[in-house]
Amino acid sequence: MSAGKYLVYATIVSTFVLLVWGAYLTAGNWGGACGTGASSAVSSDWPFCNGSLAFPSPFSSGSYGAFVEYIHRTLSVLVGVILLATLVSVSRMRPRPSGAYRSLLLSFFMLIVQIGLGNVVVNSDLDAAVTALHLANATALFGVMVVAGVLIRSHDRHGDY
C-alpha cells in the first residue's frame, strides 16, 4: 500500500491533537490572546500574533495565552498541509479508494469552514454560540477523517473501494 494510508492515519492523529489543544485553548479562555492590540480580541493580523510572527514566550508576563493560541494556529496550518498532502496521495492511488477519497475531500472542505469559524470565534469576542459551532464542526471533521481511515484500511485489507 502506498504512503496514502499512513498519511490518512497521520491526518487523523494530527487533527485529534489540534482538537485537544483547541479545547485547552478554550478552557483557558485564551482565544483572543493574539489580538492586534493590548486589549483587543481581534485576529485581523493573522498570521501574526500581536504584530509578530515569532512564537510568544510562554514565560513572559501575560503572554502564556498568546503562546497557547499561536500553537493552535500553527497546528491548524500543519493539519491543513498534512490533509492536502493526504488528499493528493490518496487521489493518485490505483485503484483509488473512492470512499476514503470522498471522505478526505469532504474533510478538506470542512477544514476550510473550520478555519473561517475560528476567525469568527475570535472576532465575536469568543461568543459561546459561535464557539460551540466551531467545536461541533471540529468534532464532525474529526469523525469524517476517522471514516476515511476505516475506509482506507478496508480498501487495504479487502480491496474494497
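Colleague: Which residues does His134 touch, not counting residues up to four places away in sequence?

Modeller: Contact here means heavy atoms within 4.5 Å. On that reading, and with residues up to four places away in sequence set aside, His134 touches Gln114, Leu117, Gly118 and Val121. This is a predicted model, in which local features need pLDDT of at least 70 and side-chain atom pairs count only at pLDDT 80 or more, whereas totals for chains, interfaces and linings use all residues. Residues are numbered from 1 along each chain as its sequence is written, and side-chain values use heavy atoms, with hydrogens and water left out.

Colleague: Where does His134 lie, and is His134 buried or exposed?

Modeller: His134 lies in helix H4, where helices (H or I, at least four residues) and strands (E, at least two) are DSSP runs numbered from the N terminus. With a relative accessible area of 16%, His134 is buried, a word that stands for under 20%, while exposed is over 50% and partly exposed is in between (1.4 Å probe, protein chains only).

Colleague: How many residues has the largest nonpolar core?

Modeller: A nonpolar core is a set of buried Ala, Val, Leu, Ile, Met, Phe, Trp, Tyr and Cys residues joined through side-chain atoms within 4.5 Å. The largest one here has 22 residues, and those with the most contacts inside it are Val8, Val90, Leu104 and Ile152. Helices H1, H2, H3 and H4 are the elements that give two or more residues to this core, and its largest share, 8 residues, comes from H2. Taking Leu104 as an example, and leaving aside its neighbours within four places in sequence, one finds Leu104 in contact with Val8, Leu83, Thr86, Leu87, Val90 and Ala148.

Colleague: Which residues make a nonpolar surface patch?

Modeller: Patches are made of residues with over 30% relative accessible area and no salt bridge, like charges being joined within 9 Å and nonpolar side chains (Val, Leu, Ile, Met, Phe, Trp, Tyr) within 5 Å; accessible areas come from the Shrake-Rupley method with a 1.4 Å probe, and for residues only the protein chains shown count as cover. Val13, Phe16, Val17 and Val20 make a patch of about 350 Å², and Val13, which is in helix H1, counts as exposed at 53% relative accessibility.

Colleague: Which side chains meet in a salt bridge?

Modeller: A salt bridge is a side-chain nitrogen of Lys or Arg within 4 Å of a carboxyl oxygen of Asp or Glu. A search of the whole structure finds 1 such bridge, in which the side chains of Arg73 and Glu69 meet at 3.2 Å, N to O. Both residues lie in helix H2, 4 residues apart, about one turn of the helix; Arg73 counts as buried at 10% relative accessibility, and Glu69 counts as buried at 4%.

Colleague: Which residues form a disulfide?

Modeller: A disulfide is a pair of cysteine sulfur atoms within 2.5 Å, and by this rule the count comes to 1. Cys34 and Cys49 form the disulfide, with their sulfur atoms 1.9 Å apart, and the link is left-handed, with -85 degrees about the S-S bond. The pair links distant parts of the chain, since both Cys34 and Cys49 are in the loop between helix H1 (3-27) and helix H2 (64-91), 15 residues apart. Both cysteines are buried.

Colleague: Which peptide bond is cis?

Modeller: The bond from Arg94 to Pro95 is cis, with omega near -10 degrees, and Pro95 lies in the loop between H2 and helix H3 (98-123).
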